[in-house]
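Try each task on your own before reading its solution.

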Amino acid sequence: MILNASEGIRVVATAEGAQAADVIRREMPDVVLLDIRMPDVDGLTVLQQIQTLPEPPHVAMLTTFDTDEYILTALRSGAAGFLLKDTEPEQLAQLVRTLAAGGVVMSPKASRALLRGHPGAGASQDANVVRVGLLSDRERDVLALVAEGLSNADIGTRIHLSAGTVKDHVSSILTKLRVSSRVQAALLAERAGLLGRNGDDAVRDNGR
């Protein structure tokens with residue numbers, strides 16, 4: 001009801017358990033909100049099933065079950081976000097729009113869990129953060145905005161680059177940081193203290 005009443009959003013289907021993956025394959029939605037626990041088949045299994053699609057939808061887990069194990073499994077399985085069911089109704093539509101645009105949406109508890117459980121700890125975690133320092137200034141600008149959950153198009157608007165150029169930067173960032181997702185890159189950005197980097201003084205006109 002909340003999403004159908006929101007401008008620019010249409011709920012094309014709802015499903016539970018074993019039906020969910022088939023419905024997603026048939027409807028091919030842009031965004032999927034999956035509960036962790038459903039009848040017959042849990043949401044984590046459905047998430048893994050739909051990741052095999054040629055163009056999988058953007059998925060966020062929407063649930064009351066906020067244990068670290070659930071959060072980490074969901075994010076490592078390809079979820080672009082993890083939201084709790086106590087998310088304010090007025091925020092939910094905007095979060096769905098962020099997902100549709102390729103952004104990342106995370107509850108504060110999910111962010112803390114990923115920080116605790118991010119692959120590598122101690123010295124190896126420090127090494128991961130050190131790799132952030134090897135990025136170019138422009139790449140660090142882009143990474144900071146990825147950590148804010150912005151899509152490539154929104155990042156481009158913020159720092160005056162085309163969406164294609166931002167996409168190339170993001171691909172380079174993931175390779176240099178040796179991570180496989182924007183979520184993992186965002187958490188490294190937080191570790192490295194890049195959040196809040198992109199004030200007016202961070203905008204450059206040299207395209208690098």
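**Exercise 1.** Find the loop that holds methionine 28 in this predicted model, then decide whether methionine 28 counts as buried, partly exposed or exposed.

*Solution.* Start with the place: methionine 28 sits in the loop between α1 (19-27) and β1 (31-34). Next, take its relative accessibility, which is 41%. Partly exposed covers what lies between under 20% (buried) and over 50% (exposed), so methionine 28 counts as partly exposed. One more thing to spot: methionine 28 isn't a glycine, yet its phi is positive, about 50°.

**Exercise 2.** How are helices α7 and α10 arranged, and which residues make the contact?

*Solution.* First, the axes of α7 (residues 137-147) and α10 (residues 182-191) come within 8 Å and cross at roughly 105°. Angles of 65 to 115 degrees count as roughly perpendicular, so that's what α7 is to α10. Now the residues: α7 brings Leu143, Val146 and Ala147, while α10 brings Arg182, Ala185, Ala186 and Ala189. Sort them by class and you get 6 nonpolar, no polar and 1 charged.

**Exercise 3.** Where is serine 151, and what does it touch beyond its neighbours within four places in sequence?

*Solution.* Serine 151 lies in the loop between α7 and α8 (152-159). With 2% relative accessibility, it counts as buried. Setting those sequence neighbours aside, serine 151 contacts Ala101, Gly102, Gly103 and Arg182.

Technical notes
Residues are numbered from 1 along each chain as its sequence is written. This is a predicted model: local features need pLDDT of at least 70, side-chain atom pairs count only at pLDDT 80 or more; totals for chains, interfaces and linings use all residues. Side-chain values use heavy atoms; hydrogens and water are left out. Axes are lines fitted to C-alpha atoms, for helices over the stretch in contact, and angles run from 0 to 180 degrees between N-to-C directions. Helices (H or I, at least four residues) and strands (E, at least two) are DSSP runs, numbered from the N terminus. Angles under 35 degrees count as roughly parallel, over 145 as roughly antiparallel, 65 to 115 as roughly perpendicular and the rest as oblique. Contact means heavy atoms within 4.5 Å. Ala, Val, Leu, Ile, Met, Phe, Trp, Tyr, Cys and Pro count as nonpolar, Asp, Glu, Lys and Arg as charged, and the others, Gly among them, as polar. Buried means under 20% relative accessible area, exposed over 50%, partly exposed in between (1.4 Å probe, protein chains only).
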